Amino acid sequence: MDNNKLTRFGVSMDEKLLQKFDVLVEQRSYQNRSEAIRDLVREAILQQTYSDNSEYVAGTILLFYAHHQNGLVNEMMSIQHDYHDQILTTTHLHIDHNNCLEVIVVKGLAHQLKQLSDQLIALKGVFYGKLTVSPLS
Ligand code: NI
């Protein structure tokens, strides 16, 4: 446990999400929800650090989206063309009639990749997105 003083705060979550979270807590052998939340927050802050600095990194942008959403595919294409120097390859998979999964392999300055990822994830119709990068040695 940290030497820092612990502060309690309340978290509101819908029942279904909480049930899934409790399964995760169990599977990863956490003593309690608080421990699991602390780890998740630390991981998020670590990712944020990677994203904010000007390090040269490589990684992927994972996107799940509903391709029937009006204008989404065009907007997605247009944004990707703006970052042609950073995008190495894009793989698009038609998961089912409505859902698409896109994996974009990227390299470049961390803050540029974060900007690209933020723009894509913010598009209406994208229901999950994640940028994962690693610094290059
Ligand atoms: Ni598709």
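Colleague: Which residue with a positive phi follows α1?
Modeller: Ser-29 follows α1, and its phi is near 60°. Keep in mind that this is a predicted model.
Colleague: What makes that worth a look?
Modeller: Most residues other than glycine have a negative phi. Ser-29 is not a glycine, yet its phi is positive, about 60°.
Colleague: Where is Ser-29 placed?
Modeller: Ser-29 is in the loop between α1 and α2.
Colleague: Is Ser-29 buried or exposed?
Modeller: Ser-29 has 60% relative accessibility, so it counts as exposed. The cut-off for exposed is over 50%.
Colleague: What does Asp-14 do at the start of α1?
Modeller: A side-chain oxygen of Asp-14 comes to within 3.2 Å of the backbone nitrogen of Lys-16.
Colleague: Switching to pockets. Which residues line the second largest pocket?
Modeller: The lining is Met-13, Leu-17, Lys-20, Phe-21, Leu-24, Ile-37, Leu-40 and Val-41. Two elements give two or more residues each to that lining, α1 and α2 (33-52).
Colleague: Which element gives the largest share of that lining?
Modeller: That is α1, with four residues. As for spacing, an α-helix has 3.6 residues a turn, so residues three or four places apart point the same way.
Colleague: How much space lies in the second largest pocket?
Modeller: About 200 Å³.
Colleague: Is Ile-79 buried or exposed?
Modeller: Buried, because its relative accessible area is 11% and the cut-off is under 20%.
Colleague: Now the metal. Which residues coordinate the nickel ion?
Modeller: Three do: His-92 through NE2, His-94 through ND1 and Cys-100 through SG. The distances run from 2.1 to 2.4 Å.
Colleague: How are the donor residues spaced in sequence?
Modeller: The pattern is H-x1-H-x5-C.
Colleague: And the two histidines, what is their accessibility?
Modeller: His-92 is partly exposed, with a relative accessible area of 33%. His-94 is at 66%, so it counts as exposed.
Colleague: What about aromatics? How many aromatic pairs does the structure hold?
Modeller: Two. Ring pairs link Phe-64, Phe-127 and Tyr-128 into a cluster.
Colleague: Another residue, Asp-118. Which helix is it in?
Modeller: Asp-118 is in α4, residues 110-122. At 38% relative accessibility, Asp-118 counts as partly exposed.
Colleague: How far is the C-alpha of Asp-118 from that of Ile-61?
Modeller: The two C-alpha atoms are separated by 9.9 Å, while the residues are 57 apart along the chain.
Colleague: Last, the overall layout. How many helices and strands are there?
Modeller: Four helices and four strands. From the N terminus on, they run α-α-β-α-β-β-α-β.
Colleague: What box do the C-alpha atoms fill?
Modeller: Roughly 45 × 40 × 25 Å along the principal axes. Of the 137 residues, 26% count as buried.

Note on methods
Residues are numbered from 1 along each chain as its sequence is written. This is a predicted model: local features need pLDDT of at least 70, side-chain atom pairs count only at pLDDT 80 or more; totals for chains, interfaces and linings use all residues. Side-chain values use heavy atoms; hydrogens and water are left out. Donors are N, O and S atoms within 2.8 Å of the metal (3.2 Å for Na, K and Ca); water is not among the atoms, so sites may look incomplete. Buried means under 20% relative accessible area, exposed over 50%, partly exposed in between (1.4 Å probe, protein chains only). A polar contact is a pair of N or O atoms within 3.5 Å; within protein, one must be able to donate a hydrogen and the other to accept it, and residues adjacent in sequence count only if both atoms are side-chain atoms. Rings of Phe, Tyr and Trp (its six-membered ring) pair if their centres lie within 6.5 Å; planes under 30 degrees apart count as stacked, over 60 as edge-to-face and the rest as tilted. On a 1 Å grid over the protein atoms alone, a cavity is a set of points where a 1.4 Å probe fits but cannot get out, and a pocket is an open set with protein on both sides within 12 Å along at least five of seven lines; lining residues have an atom within 4 Å of a point. Grid points are joined across faces, edges and corners, and a volume is the space filled by probe spheres set on the points.
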